[in-house]
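This briefing is meant to be read beside the sequence and the coordinates.

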Number of protein chains: 2
Amino acid sequence: MSPSKSDRGSETRELLLVTAERLFAEHGVEAVSNRQVSEAAGQSNNFAVGYHFGSKEELILAIVRRHSESMERRRTDLLAELTGSPDLRDWVSCLVRPTTQHIASLGIPSWYARFIAQVMTHPSLRERVINESFTSRSLKQALEGMSRLIPRLPEDVRQERSDMGRLLIVHMCAERERALHAGTANPRSTWESTAAGLVDALVGLWLAPVSARR
Amino acid sequence: MSPSKSDRGSETRELLLVTAERLFAEHGVEAVSNRQVSEAAGQSNNFAVGYHFGSKEELILAIVRRHSESMERRRTDLLAELTGSPDLRDWVSCLVRPTTQHIASLGIPSWYARFIAQVMTHPSLRERVINESFTSRSLKQALEGMSRLIPRLPEDVRQERSDMGRLLIVHMCAERERALHAGTANPRSTWESTAAGLVDALVGLWLAPVSARR
């Protein structure tokens with residue numbers, strides 16, 4: 001393959017990724033076909049998604065991976081600063097700030113937060129995306145650091161709070177991204193203040209006593 | 001209008017409400033047209049939604065109202081039991097349990113939780129639905145009872161935690177409704193255990209110290 005052909009290939013790939021992310025963020029994963037992605041990306045070949053990614057699922061995982069590298073790097077840097085910190089807030093911060101900082105770096109409009117919120121409503125894709133992300137070394141390290149600082153919880157409560165934490169981060173970020181795009185975000189708020197509010201709330205959530213009524 | 005004609009009218013109205021709720025829950029509010037709702041409800045007249053509700057927005061508010069009466073009644077009953085309770089958990093319960101109990105009463109599959117989750121991603125509809133619900137007398141009473149038992153918070157933190165609380169209730173219920181429908185819900189969990197977990201978490205969230213870094 002000539003270099004120019006290979007360059008064009010990776011440009012097309014990038015264009016498909018960016019277009020698909022926006023369409024999935026706006027309309028949901030199931031509402032948008034591979035053909036619509038190809039057309040919206042200006043590809044004369046309606047099978048461009050199939051050719052470059054194989055399937056819609058692989059396209060979605062490629063969009064996820066496109067962002068996860070930057071978040072992984074941010075998390076590794078944060079973790080390096082806090083070896084053995086006794087402050088739960090520091091470890092929760094490693095769950096929140098790689099995401100908020102990454103979204104802030106994307107500018108306005110970004111689509112990633114809303115894209116992830118849409119993917120999370122899809123039963124099988126959600127599992128694949130969560131499994132893929134939770135194999136991340138840095139995330140495991142952050143979660144381990146966190147669990148050393150919270151009282152022992154029954155396994156179902158731990159799972160439930162982990163779900164709640166994920167929902168809070170995903171949907172607070174998606175709501176803020178949507179508000180920034182629509183111009184309705186609180187003018188005094190920043191991604192950093194959103195992160196600080198999330199860290200406070202998640203610390204409260206993880207330390208909350210478990211009601212005897214359960 | 002003859003009685004039978006009026007009966008048919010209210011049957012059609014009901015059929016449109018039920019069909020629209022399911023379609024909006026599955027595909028999102030923007031992805032589904034009034035025409036699609038009419039067709040899926042088996043109406044030969046494609047303008048049935050327009051005729052019975054005027055607009056998509058009015059149709060959506062009618063679906064919301066169809067459920068809110070039952071939740072309002074449940075909340076009023078709960079509030080009657082706890083006059084002046086000094087336990088924050090009781091007041092938070094009045095925010096959570098009317099919703100979880102109502103969804104439980106709908107059986108499987110229900111669509112209401114997923115419908116509300118979809119509506120909440122729509123900027124203008126979200127405002128209308130929140131405004132409509134927050135004028136509810138019982139909800140105001142529960143929120144007032146709650147705020148008497150939490151430390152004074154800066155207004156932006158109060159607003160942010162109120163958003164987080166709403167997101168947690170809406171999306172935990174939508175995830176559970178989706179899992180019940182797909183047969184993937186944890187077999188030991190119930191709507192009551194979901195409510196208990198949410199109440200614990202929300203109490204922790206509201207009582208969480210506000211970080212000085214904000």
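In this predicted model, A113(B) is in contact, once its neighbours within four places in sequence are left aside, with I103(B), V170(B), C173(B), A174(B) and E177(B). A113(B) belongs to helix α6 of chain B, which runs over residues 112-119, and with a relative accessibility of 3% A113(B) counts as buried. A separation of 65 residues in sequence lies between A113(B) and R178(B), yet their C-alpha atoms are 8.7 Å apart in space.

**Cysteines**

- One of the contacts of A113(B) is C173(B), a residue that has 2% relative accessibility and so counts as buried.
- When the whole structure is searched, 0 disulfides are found over all chains, and C173(B) is accordingly in no disulfide, its nearest cysteine sulfur being that of C94(B) at 15 Å.

**Relation between the two copies**

- Chain B is superposed on chain A by a rotation of 180° with 0.0 Å of shift along the axis, and the RMSD of this superposition is 0.0 Å.
- The two copies are therefore related as by a two-fold rotation axis.
- Within chain B, the C-alpha nearest this axis belongs to G204(B), at 2.2 Å from the axis.
- Both copies use the same surface, since 100% of the contact residues of chain B recur in chain A.

**Interface of chain B and chain A**

- On each side of the interface the count is stated separately: 35 residues of chain B are in contact with 35 residues of chain A.
- Between them, chain B and chain A bury about 3000 Å², and 59% of this area is on carbon and sulfur atoms.
- The rule for salt bridges finds 4 of them across the interface of chain B and chain A.
- A salt bridge joins R126(B) to E175(A), with the closest N and O atoms 2.9 Å apart.
- Salt bridges with shared partners also join R126(A), E127(A), D163(A), R166(A) and E175(B) into one network.

**Nonpolar core**

- The largest nonpolar core has 128 residues, and those that touch the most other members are F24(A), F115(A), L168(A), F24(B), F115(B) and L168(B).
- Apart from neighbours within four places in sequence, L168(A) is in contact with L198(A), L202(A) and L205(A) in chain A, and with M164(B), L168(B) and L205(B) in chain B.

**Salt bridges within a chain**

- Over all chains, the count by this rule comes to 28 salt bridges.
- E39(A) and R35(A) form a salt bridge whose closest N and O atoms are 3.6 Å apart; both residues lie in helix α2 of chain A (residues 34-40), where they are 4 residues apart, about one turn of the helix.
- Both members of this pair are partly exposed, E39(A) with a relative accessible area of 46% and R35(A) with one of 48%.
- R128(B) forms a salt bridge with E57(B), the closest N and O atoms being 2.9 Å apart. Because R128(B) lies in helix α7 (residues 123-134) and E57(B) in helix α4 (residues 56-81) of chain B, the pair ties together parts that are 71 residues apart in sequence.
- R128(B) is partly exposed, its relative accessible area being 33%, and E57(B) is also partly exposed, at 28%.
- A salt bridge between R97(B) and E192(B) has its closest N and O atoms 2.7 Å apart, and it links distant parts of the chain, with R97(B) in helix α5 (residues 88-105) and E192(B) in helix α10 (residues 191-207) of chain B, 95 residues apart.
- In this pair R97(B) is buried, at 6% relative accessibility, whereas E192(B), at 40%, counts as partly exposed.

Note on methods. Residues are numbered from 1 along each chain as its sequence is written. Chains are lettered from A and ligands numbered from 1 in the order in which they are written. This is a predicted model: local features need pLDDT of at least 70, side-chain atom pairs count only at pLDDT 80 or more; totals for chains, interfaces and linings use all residues. Side-chain values use heavy atoms; hydrogens and water are left out. A disulfide is a pair of cysteine sulfur atoms within 2.5 Å. Buried means under 20% relative accessible area, exposed over 50%, partly exposed in between (1.4 Å probe, protein chains only). Copies are superposed by least squares on the C-alpha atoms of residues with pLDDT of at least 70 in both. Contact means heavy atoms within 4.5 Å. A nonpolar core is a set of buried Ala, Val, Leu, Ile, Met, Phe, Trp, Tyr and Cys residues joined through side-chain atoms within 4.5 Å. A salt bridge is a side-chain nitrogen of Lys or Arg within 4 Å of a carboxyl oxygen of Asp or Glu. Helices (H or I, at least four residues) and strands (E, at least two) are DSSP runs, numbered from the N terminus. Buried area is the accessible area (1.4 Å probe) that two parts lose on being put together, summed over both.
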